[in-house]
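Reader: I have just started learning to read protein models. Could you walk me through the terms with this one?

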Amino acid sequence: HPGEVEAALRSLPGVRDAVALGIADPVRGQALGVVLQSDGAWDARTVREALSSQLAPYKLPRAVLVVPTLPLTDRGKVDRAALLRLLERRH
């Protein structure tokens, strides 16, 4: 349900855009990672706390990356592959 998670993330103060992605996780097989376009100081803990009343526990992200701008493809769409690589390096 990435659309529901992304909408909730966009409602957070200072978040201009958000992308939710499935990332490899050695314990769970796959976990939810998100990239926030924001100048705020969000991290996984603060995002989970802020969204805990809006989303079910399994929809809360395990990994959070905050960037000033989202990378775009040549066609002007969000480069999800680049975001996945960034998230997996940090997770």
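Reader: What makes β3 largely enclosed by the rest of the structure?

Author: Buried means under 20% relative accessible area, exposed over 50% and partly exposed in between, with a 1.4 Å probe and protein chains only. By that rule, 4 of the 5 residues of β3 are buried, so β3 is largely enclosed. A word on the source: this is a predicted model, where local features need pLDDT of at least 70, side-chain atom pairs count only at pLDDT 80 or more, and totals for chains, interfaces and linings use all residues. Residues are numbered from 1 along each chain as its sequence is written, and side-chain values use heavy atoms, leaving out hydrogens and water.

Reader: Why is E6 called buried?

Author: E6 has a relative accessible area of 12%, and the cut-off is under 20%, so the word buried applies. This residue sits in helix α1 (residues 2–10); helices are DSSP runs of H or I with at least four residues, strands are E runs of at least two, and both are numbered from the N terminus. Contact means heavy atoms within 4.5 Å. Setting aside neighbours within four places in sequence, E6 has such contacts with A18, V19, A20 and R80.

Reader: How do you know that β1 and β2 pair?

Author: Two strands pair if DSSP finds at least two bridges between them. β1 and β2 (residues 29–38) have 10 bridges, in the antiparallel sense, so they qualify. In this pairing, D17 stands opposite Q37 of β2. β2 and β3 pair too, in the parallel sense over 5 bridges, and V34 has V64 in β3 as its bridge partner.

Reader: Why do β1 and β3 count as edges?

Author: The open sheet has 3 strands in the order β1-β2-β3, with mixed pairing. β1 (15–25) and β3 (63–67) each have a single partner strand, so one side of each is left without a neighbour in the sheet.

Reader: What makes a set of residues a nonpolar core?

Author: The members must be buried Ala, Val, Leu, Ile, Met, Phe, Trp, Tyr or Cys residues joined through side-chain atoms within 4.5 Å. The largest such core has 16 residues, and L9, V34, L36, V47 and L51 touch the most other members. At least two of its residues come from each of α1, β1, β2 and α2. Another core, of 11 residues, lies apart from it and includes L21, I23, A31 and V35. As for V47, its contacts are L9, L36, W42, P61 and V64, not counting residues up to four places away in sequence.
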